[in-house]
Structure formats: C-alpha cells, structure tokens
Amino acid sequence: AVGPLIDALDDEKTRVRWEAATALGHVGPAGTDEEVIEAIDRLCNLLSSNFGTVRRNATVALGRLHAYDRSYSDAVEKALEDRFDGRKTPGEWLSERLNDERIDVAVGAAFALFRAGVTDHDLRMSARSRLREGLDIADHRQFTIQLIVELSMTGPAIHPMMREVFAPDDANED
C-alpha cells in the first residue's frame, strides 16, 4: 500500500497530495527500504509547495517517519545520505519551514524536528518558540496540542524536550 501513496504525492490535485502525505505519516516507515527513502525524498519536495496544507501535512509526515532518525537501518541511512548528497537534507528543509508564513506549517516542522531528536540548541529553541506560538493562536491550538500529545507519547527521550517547551525562558538548561 505504500507505493501508491508515494505516487499520490505527485498527483495534480492538491487534496490528493495532502491526504497522501497524511496517510504516509500514519503508516510510518513501512514498506521496503527503497519506499521509505522515496517517501522521504518526495515529502521533502512537498515542503516547497505553494499550498500551506500540503506543506503542513508533509512536515508532520516527516516527523512521524523520523525523517533522519538513527533508527533506520544502515542501508537506509547510507541511501538517504547518497540521495541528499549536494541537496538540502530533510533536517535542513524542516529547519527552513520553522519560518513558514503559516504557523501550522511551522508547528508541524517543530514537531518533526523534536520527533527526530534534534540536538542543536538554537534549533530546539526555535522549534520550542513555534510550538508555543501555535498554542497561543486559537485557530491552531488544537492542531498544536494534538502534536504535543503525540510527542509526549513517543517515549522517554522526548520528555526532556517537551519539558523544554514548557519551561520558563530563564530556566537553567543542561
């Protein structure tokens, strides 16, 4: 089922592209190694879409796929490095989306970066700021809360990062 979803990411209809991104995010890193690599590559391409909903759903899907997570097999890691050699990596695409004009896209990018376990302090602070902003804007509060809940259920590695989201700005950090 993953192959047709990947193909749908290139559909001429915007709604099909955003629904395919959503579905891939829910399926997770299923399929063959080649399908996972292709899904990540095509989702990254969607991050430059003219349609905000497509960008948002692609960021969330990348987060759910652990876009550049160390849990992939060595073969997938190597193939991802080869695929993105000389191009923006998934992490660079997501970092750029933190500054998206649409807060829901920026929140999706923050989710994806936290989910992937980003360790860069400045990037974490930017992601934290966008999550907080999503909570402050009524139109995006429910979406942001859903993603934060999903992060909190991911496991112990995420919990320190989530504490960071809600810690006061002047809290002493490690």
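Q: What comes just after α7?
A: Keeping in mind that this is a predicted model, the residue to look at there is Gly-117, which takes a positive phi of about 80 degrees just after α7.

Q: And α7 itself, how far apart are its end C-alpha atoms?
A: They are 18 Å apart, and this agrees with the 18 Å that the 13 residues of the helix, residues 103-115, should span at 1.5 Å a residue.

Q: Which residues have the most contacts inside the largest nonpolar core?
A: They are Leu-9, Ile-40, Leu-43, Leu-46, Leu-62 and Leu-98, in a core of 45 residues, and α7 gives the most to this core, with 9 residues.

Q: What does Leu-46 touch?
A: Leaving aside residues up to four places away in sequence, Leu-46 touches Leu-9, Arg-17, Ala-21, Val-54, Arg-55 and Ala-58.

Q: Switching to the surface, which residues make the nonpolar patch of about 280 Å²?
A: Ile-145, Val-149 and Met-153 make it; of these, Val-149 is found in helix α9, residues 138-152, and is partly exposed, with a relative accessible area of 39%.

Q: Stepping back, how many helices and strands does the protein have?
A: Its secondary structure comes to 10 helices and 0 strands, and 51% of its 174 residues count as buried.

Conventions: Residues numbered from 1 in each chain as written. Predicted model: local features only at pLDDT ≥ 70, side-chain atom pairs only at ≥ 80, totals over all residues. Heavy atoms only, no water. Helix = DSSP H or I, 4+ residues; strand = E, 2+ residues; numbered from the N terminus. Expected span 1.5 Å × (residues − 1). Patch = residues over 30% accessible without salt bridge, like charges linked within 9 Å, V, L, I, M, F, W, Y side chains within 5 Å. Areas by Shrake-Rupley, 256 points an atom, 1.4 Å probe, with all protein chains shown as cover. Salt bridge = Lys/Arg side-chain N within 4 Å of Asp/Glu carboxyl O. Buried < 20%, exposed > 50% of the residue type's maximum accessible area, 1.4 Å probe, protein only. Core = buried A, V, L, I, M, F, W, Y, C linked by side-chain atoms within 4.5 Å. Contact = heavy atoms within 4.5 Å.
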